[in-house]
Amino acid sequence: MNSLILCAGEVTKNPYYFSITDTKVYSIEELCYYLFNNIYVISPELIDDNLVQWIDKEIKMPQLAEKIKLLIIKGKNLKDMVTTIMCSSDYYNEQEIRNLIDTIDRIEGMPEIRRRKIKADNLLKYNNYSMAGREYESILASKEAKELEDEYYGNILHNLGIVKIHTSSFMTAAACFKEAYKKNN
């Protein structure tokens with residue numbers, strides 16, 4: 001991370017690694033900061049047993065680990081899990097956590113295809129080109145893609161072109177850009 005985060009809790013020598021964004025976190029405060037600033041790429045699958053074990057063993061917060069484990073077992077949604085983690089630290093105030101909850105509600109209220117595009121856009125932002133490319137291609141191959149307005153479809157093609165520059169050939173990227181231009185000028 002590129003900013004200073006004041007940590008009042010345990011700081012571990014063994015960080016938790018989020019491969020989706022190539023980020024390591026070393027404390028509960030950094031975990032909260034990560035969740036807050038990457039909420040568009042966070043999915044319920046990202047909060048798993050490995051994270052629970054890290055919270056329990058590395059940052060020595062067994063009560064929080066147990067709460068999250070129970071939420072996972074009960075099949076609770078992302079909002080419940082993120083809220084539980086965020087409330088375990090004093091890094092964010094109540095209003096900031098409420099704003100985050102509102103953001104999660106907005107994300108959950110979006111059509112699935114739009115959530116997937118946001119996820120792909122964030123993967124692209126973090127230079128995770130292969131995962132972003134798979135997500136964009138999956139979106140374009142879906143039956144819902146036919147219902148997208150031209151500009152939105154063109155934006156997906158444009159971003160896929162950027163992915164292709166990094167993972168494939170310039171010719172493939174050029175074809176994506178040409179199609180994107182036809183859709184959204």
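**Questions on the model**

Modeller: The protein chain holds 9 helices and 2 strands, where helices (H or I, at least four residues) and strands (E, at least two) are DSSP runs numbered from the N terminus. This is a predicted model, in which local features need pLDDT of at least 70, side-chain atom pairs count only at pLDDT 80 or more, and totals for chains, interfaces and linings use all residues. Residues are numbered from 1 along each chain as its sequence is written, and side-chain values use heavy atoms, with hydrogens and water left out.

Colleague: What pattern does the protein chain follow along the sequence?

Modeller: The C-alpha atoms fill a box of roughly 55 × 30 × 30 Å, taken along the principal axes. Read along the sequence, the pattern is β-β-α-α-α-α-α-α-α-α-α.

Colleague: Which residues touch the most other members of the largest nonpolar core?

Modeller: A nonpolar core is a set of buried Ala, Val, Leu, Ile, Met, Phe, Trp, Tyr and Cys residues joined through side-chain atoms within 4.5 Å, and buried means under 20% relative accessible area, exposed over 50%, and partly exposed in between, with a 1.4 Å probe and protein chains only. Leaving aside residues up to four places away in sequence, Leu31 touches Phe18, Val25, Leu51, Trp54, Ile55 and Ile85, a contact being heavy atoms within 4.5 Å. Of the 49 residues in this core, those that touch the most other members are Leu31 and Ile55.

Colleague: How many disulfides does the count come to?

Modeller: A disulfide is a pair of cysteine sulfur atoms within 2.5 Å. The sulfur of Cys87 has its closest cysteine sulfur in Cys32, and because the distance is 8.8 Å, they are too far apart for a bond. By this rule, the count of disulfides is 0.

Colleague: Where is Lys60, the residue with a positive phi although it is not a glycine?

Modeller: Most residues other than glycine have a negative phi. Lys60 has a positive phi of about 50 degrees, and at 51% relative accessibility Lys60 counts as exposed. Its place is in the loop between α2 (49-58) and α3 (62-73).

Colleague: Is Asn185 buried or exposed?

Modeller: Asn185 also has a positive phi, of about 50 degrees, although it is not a glycine. Asn185 lies in the segment after α9 (170-184). With a relative accessible area of 68%, Asn185 is exposed.

Colleague: Which residues is Ala180 in contact with, leaving aside its neighbours within four places in sequence?

Modeller: Ala180 sits in helix α9 and is buried, with a relative accessible area of 3%. Its C-alpha atom is separated by 9.4 Å from that of Tyr152, 28 residues apart along the chain. With those neighbours set aside, the contacts of Ala180 are Gly154, Leu157, His158 and Asn185.

Colleague: Which helix gives the largest share of the lining of the largest pocket?

Modeller: On a 1 Å grid over the protein atoms alone, a pocket is an open set of points where a 1.4 Å probe fits, with protein on both sides within 12 Å along at least five of seven lines, and lining residues have an atom within 4 Å of a point. The largest pocket is lined by 18 residues, of which Ile42, Ser43, Pro44, Ile107 and Arg115 lie nearest its centre. Both α5 (94-109) and α6 (112-125) supply at least two residues of this lining. The largest share, 5 residues, comes from α6.
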